[in-house]
Amino acid sequence: MKILVCVKVIKGELNPFDASALECALRLSDDVTVISMAAESCKDTLRQLTRLGAKAVLISDTAFAGSDTLATSYILSAVIQTMDYDLIICGRQSVDGDTAQTGPMLSKRLELPLVCGVMGAERSDEGLHIRTRNGGAEIRLPALITVERGYILRFPSIFSKTDDVTVIDRAGFACDLSQCGLKGSPTRVIKSFENERGRRICKFISMEALFPLIEELIKRPTAERKQSPAYTGRRLKGVWAVGDAALEKAREIADEVVCIEASSAEEIAERAVREKPRVILWNADEWGRKNAAIAAVLLKTGLCADCTELETDGETLFMYRPAQGGSITAKIKCLTLPQMATVRTKSTCEDIIVSGGRGIYAHMDQLRALADRLGAQLGASRGLVDMNGAPYDMQIGLTGKMVSPKIYIAVGISGAVHHTCAIEGSGTVIAINPDKSARIFDYADYGIIDRL
C-alpha cells in the first residue's frame with residue numbers, strides 16, 4: 001500500500017495532528033511518503049522524518065507564498081496527480097490555523113472518497129477498516145482520510161540515518177499560477193490583534209466553599225448567561241444559512257435570510273451557481289466544516305473558518321476568527337463570491353457544565369460524580385478528548401463547541417486560548433487546578449487551588 005501523508009511544519013515542529021497521521025501511515029505500510037508545502041527552511045524538519053523510514057517531498061517556490069487553504073489544496077493536488085498512491089492521510093487540522101479545510105478540499109480536487117475524524121485504521125480485504133468517534137466502517141481505496149490526535153509518533157532508531165528530501169518547485173509539475181499564492185487566495189487577513197476577550201477577576205476560595213457557592217449562584221440573577229452585544233452596524237440584503245444552526249448569526253447581519261437544507265455540498269454548490277447568493281454561512285460543526293470546504297472548491301471561492309463575529313458594510317462580509325490557537329483574533333474578508341464562512345454557534349446546555357481536562361484523565365469517576373451531584377452536563381477540553389478520555393461530542397473549545405451555561409466548572413483544565421474563547425459566554429466560571437499559575441484562573445470568577 002502506497003501512502004502519502006500531507007504535513008505542515010510550524011515553527012520548526014511537525015503539526016501534532018500530522019504527526020498522528022504519519023504514525024497511522026507507518027503502522028499501515030512500509031511505503032510512506034511525506035509531502036509538505038513550505039519554505040526551504042523546513043527541509044531539515046522533513047529530513048528528520050526520513051529516519052522513520054518515510055520518503056520526504058518538499059514543495060517550495062516563492063510563487064506559492066501566502067497561499068490560503070484553497071490555493072494550498074490546489075498546489076498539493078497538482079503535485080499528487082503526478083504520484084502513485086493508494087491512500088492519502090492528512091491530520092484533521094493544523095494547530096495554528098485550526099480550519100480543518102485542506103483535507104476535504106484536497107479530496108474534492110482529487111475526487112477521492114473522504115472520511116474525517118479517524119481515530120484508528122487497519123488494513124482489510126475491502127481496503128481499509130476505519131474507526132471514528134461515530135463508529136467503524138470499511139472504505140475502498142484509493143481514498144483520503146483525516147486523522148485525529150489518536151496516534152503518538154514513534155521515535156527513530158538510534159541506528160537510523162537521514163535520507164535526502166526531494167524538493168519540487170513550479171517547474172516540476174503543471175500548475176496555473178493564477179491559482180497559487182496570494183493571487184490564487186480569495187481570503188485576505190485585513191488586520192489581527194491580541195485576543196483579550198473573556199478575561200475575568202478571579203477570587204480564590206477553598207474546596208469546602210464550592211457547593212455553598214454554587215447554591216448561591218443558582219439563586220442569583222447575576223448568574224445568568226452573558227450575552228454578546230447586539231450587532232448594530234449596516235446589514236446585508238440577503239444571506240444563505242445552511243441548516244438551522246447558522247440562522248441566528250445570519251439574522252444578525254441580514255434583512256433577508258434563506259435557510260438552505262443541509263444536503264450534500266454538491267447540491268448546495270449547484271444551487272448557489274444558479275441563484276448566486278452573495279453570502280453563505282455554515283455551522284462550524286464537523287459536518288459544516290467538511291462540506292463548506294468541499295463547496296468552496298466547487299464554487300472556487302474563499303472560506304473563513306470558525307468565525308466568532310461577523311460585520312458588514314452592506315456589501316462585504318467581514319469575518320472575525322481566532323488564529324494561532326486562539327491567541328490572536330484576525331479580521332478577514334473574501335475577495336470572491338459567494339463570501340462564505342463557518343460560524344461558531346452556542347450549543348444548548350444545562351445550567352451547569354462540569355468540564356475536565358488532561359489533569360483529570362485518571363479521575364474521570366470523580367468528575368462524573370461531581371456532575372451527577374450537581375445535576376450538571378459533562379464537558380471536556382481538547383486535551384482530554386485527544387487522550388480518548390472523553391468522546392468528541394463533549395469537547396468544548398475552538399475545535400469543539402461554544403457553551404454559555406449559568407455556571408461553568410473547569411476541572412484540571414490549563415486554560416489554553418482555544419478553550420477559554422469558547423466559554424466566555426458563561427455566567428460564572430469556576431476553575432479547579434492545583435497549579436496557581438494556570439491560565440484558566442485569568443478567565444475564571446472563582447478559583448480553587450486543589451485537586452478534585
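## The largest cavity

The largest cavity in this predicted model has a volume of about 150 Å³. A cavity here is a set of points on a 1 Å grid, over the protein atoms alone, where a 1.4 Å probe fits but cannot get out. Grid points are joined across faces, edges and corners, and the volume is the space filled by probe spheres set on those points. Lining residues are those with an atom within 4 Å of a point.

For the largest cavity, that gives 13 lining residues, with Arg92, Ala100, Cys116, Glu286 and Arg289 nearest its centre. Two elements, β7 (114–124) and α8 (286–299), each give two or more residues to this lining. The largest share, three residues, belongs to α8. Sorted by class, the lining has four nonpolar, four polar and five charged residues. In that scheme Ala, Val, Leu, Ile, Met, Phe, Trp, Tyr, Cys and Pro are nonpolar, Asp, Glu, Lys and Arg are charged, and the others, Gly among them, are polar.

## The other cavities

Searching the whole structure turns up three cavities of 30 Å³ or more. Around the second largest cavity sit Asn195, Arg197, Thr308, Glu309, Pro322, Thr329, Cys421 and Glu424, which split into two nonpolar, three polar and three charged residues.

## Helix α4 against α8

Back to α8, this time for its helix packing. The axes of α4 and α8 come within 8 Å and cross at roughly 45 degrees; axes are lines fitted to C-alpha atoms, for helices over the stretch in contact, and angles run from 0 to 180 degrees between N-to-C directions. The two helices are therefore oblique to each other, the label for whatever is left once angles under 35 degrees (roughly parallel), over 145 (roughly antiparallel) and 65 to 115 (roughly perpendicular) are taken out. Helices (H or I, at least four residues) and strands (E, at least two) are DSSP runs, numbered from the N terminus.

The α4 and α8 crossing is right-handed, that is, the near helix is turned clockwise from the far one by less than a right angle. From α4, Pro104, Met105, Lys108 and Arg109 meet Lys290, Ala293, Ile294, Ala296, Val297 and Leu298 of α8, contact meaning heavy atoms within 4.5 Å. That contact has seven nonpolar, no polar and three charged residues.

## Helix α3 against α4

Helix α3 (residues 69–80) and helix α4 (residues 102–109) have axes that come within 9 Å and cross at roughly 45 degrees. This pair is therefore oblique too, and α3 passes α4 in a right-handed crossing. On the α3 side the contact uses Thr69, Leu70, Thr72, Ser73, Tyr74, Leu76, Ser77 and Ile80, and on the α4 side Thr102, Met105, Leu106 and Arg109. By class, that comes to six nonpolar, five polar and one charged residues.

Most residues other than glycine have a negative phi, and most peptide bonds are trans. Lys300, in the loop between α8 and β17 (303–307), has a positive phi near 55 degrees. A cis peptide bond joins Leu141 and Pro142, with omega about 5 degrees; Pro142 is in the loop between β9 (135–139) and β10 (143–147). Leu337 to Pro338 is also cis, with omega near -5 degrees, and Pro338 lies in the loop between β20 (328–334) and β21 (339–343).

## Ground rules

Residues are numbered from 1 along each chain as its sequence is written, and side-chain values use heavy atoms, leaving out hydrogens and water. As the model is predicted, local features need pLDDT of at least 70 and side-chain atom pairs count only at pLDDT 80 or more, while totals for chains, interfaces and linings use all residues.

How values were computed. 1 Å grid on protein atoms, 1.4 Å probe; cavity = no way out; pocket = protein on both sides within 12 Å on 5 of 7 lines; lining within 4 Å.
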